[in-house]
Amino acid sequence: MEDDPFLRKFQPSELKIASEFLTNCLPFLSRDLCKDCVNVLSHRIRSLDPEHCSEVDGEGNNSKAGLESEGSSKKEIEISFGTLSEVLGSVLPSRQAAETASPRMSWADMSQDQEDEFDEEEDEAIDASPMKKTPEKPKLSREQREDLRLKNVKRKKDFICLERFKGKLVNVVDGLELHTGVFSAVEQKRIVDKVYELEEKGRRGELRERTFTAPQKWMRGKGRVTIQFGCCYNYATDRAGNPPGILQREEVDPLPSLFKVIIRRLIRWHVLPPTCVPDSCIVNIYDEGDCIPPHIDNHDFLRPFCTISFLSECNILFGSNLKIEGPGEFSGSFSIPLPVGSVLVLNGNGADVAKHCVPAVPTKRISITFRKMDESKRPVWFTPEPDLQGIEPLPLDLNRSDSAARSSGSSNSHNGSNRRGGYGRRGGGGGNNYETRGYYNAERSSEQYDSREWSSGQRRGRPRPSRTS
């Protein structure tokens, strides 16, 4: 590794972070590859970590020789890692803007470009690292970095799907919003790691009984793991005769501190309004083939609410008349691809007129849905979280970003007529402006994705043309 001209451009600490990041993405990167290719890719990612290299060298297996034994020339190695520069820059929402304010900032520096609470955790991790620290470089203040990232959040709010509802033609997805760029790749990894930590605690019986649920997978689409915080929600009438809704006398664990950091980010960055601060959440951990059937969220929870996607992209279907075609197979009139790290906000018709569902997912996925309980439905033991009170949004000219989103949507409105991969409304759903592979990359957020990328997802959840007459 030390002799590679491309890798010499980066500090050991940067390569260590890149190795951890790419290792986390390995299930996605290696999808559909043969076993030999997976082994080669895995070895190259691990070889980025200087600690790993030293361990291998100690065993007499030089990493450079290993790469050469795989028949890869230096040129091929540079091509293989050609996208690494994009990964290293993906955490910075606007590379040009940042470089104007300071000299070249490394990926390790950008990994600290987080909201206050994320920043503190990252700084502690770096201070504790045995690796050689990156030399101190001039950098933007925390407020400047947050302001840059906030301005680069992409917000789509112009979804349209016309259907007959109670005798009238209405836009059943009015009120839906898709926000991307809210969480960096490093933040996403930290959240995913926390979810896995909570899952392991649940399996060891260290969480309250109703907090963690891992039912047996007795058929396709059945058996996803759920972790509830803030309240216990009953999905269907139980043996005691309790109807669907919040079980006010059942106890679950309170919101983890990291989840409260997420909530503050959602309010401060204008994703959710300060009048509807979530006080509960549910984590869904999907294995391949798991799904969520058509439903409308119970009105024990206020509107709006939101769901955040992690690990892999998937489609979510909307429509006033979604149909079950088979286990994990649904059809509906409108389909939205959910990029990794994106936040989907449900409000208005999109929350109360259209049902929504997630068809069987093609690979591992995690979602976290944050909701505010109706005060009259809160559990009898519930106490509001003091650090979730009085949160104020940061200053932001939303009119400018909203007009840009509308302009983007209208300019694309003649492109797609319910083809695979686009937003699934008949008569033109428009291309979308979101990166749909891997962790969200703000620099590429204006690129339209290839419709072929979603062929697999659409087979699992096929959009049906809406009936407009």
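How many salt bridges does the count come to? I got 20 salt bridges, taking as one a side-chain nitrogen of Lys or Arg within 4 Å of a carboxyl oxygen of Asp or Glu.

Notes on the model. I worked on a predicted model, where local features need pLDDT of at least 70, side-chain atom pairs count only at pLDDT 80 or more, and totals for chains, interfaces and linings use all residues. Residues are numbered from 1 along each chain as its sequence is written, and side-chain values use heavy atoms, with hydrogens and water left out.

Entry on E187 and R265. I found their side chains in a salt bridge at 2.9 Å, N to O. E187 sits in helix α11 and R265 in helix α12, 78 residues apart; helices are DSSP runs of H or I, at least four residues, and strands are runs of E, at least two, numbered from the N terminus.

Entry on R264 and D387. I noted a salt bridge with the closest N and O atoms 3.8 Å apart. R264 is in helix α12, and D387 is in the loop between β18 and α14, 123 residues away. R264 counts as buried at 13% relative accessibility, whereas D387 is partly exposed at 36%. I also found K260, R264, E385 and D387 linked in a network of salt bridges.

Entry on D297 and R371. Their side chains meet in a salt bridge at 2.7 Å, N to O. D297 lies in the loop between β10 and β11, and R371 in strand β18, 74 residues apart. I read D297 as buried at 7% relative accessibility and R371 as buried at 8%.

Key
Buried means under 20% relative accessible area, exposed over 50%, partly exposed in between (1.4 Å probe, protein chains only).
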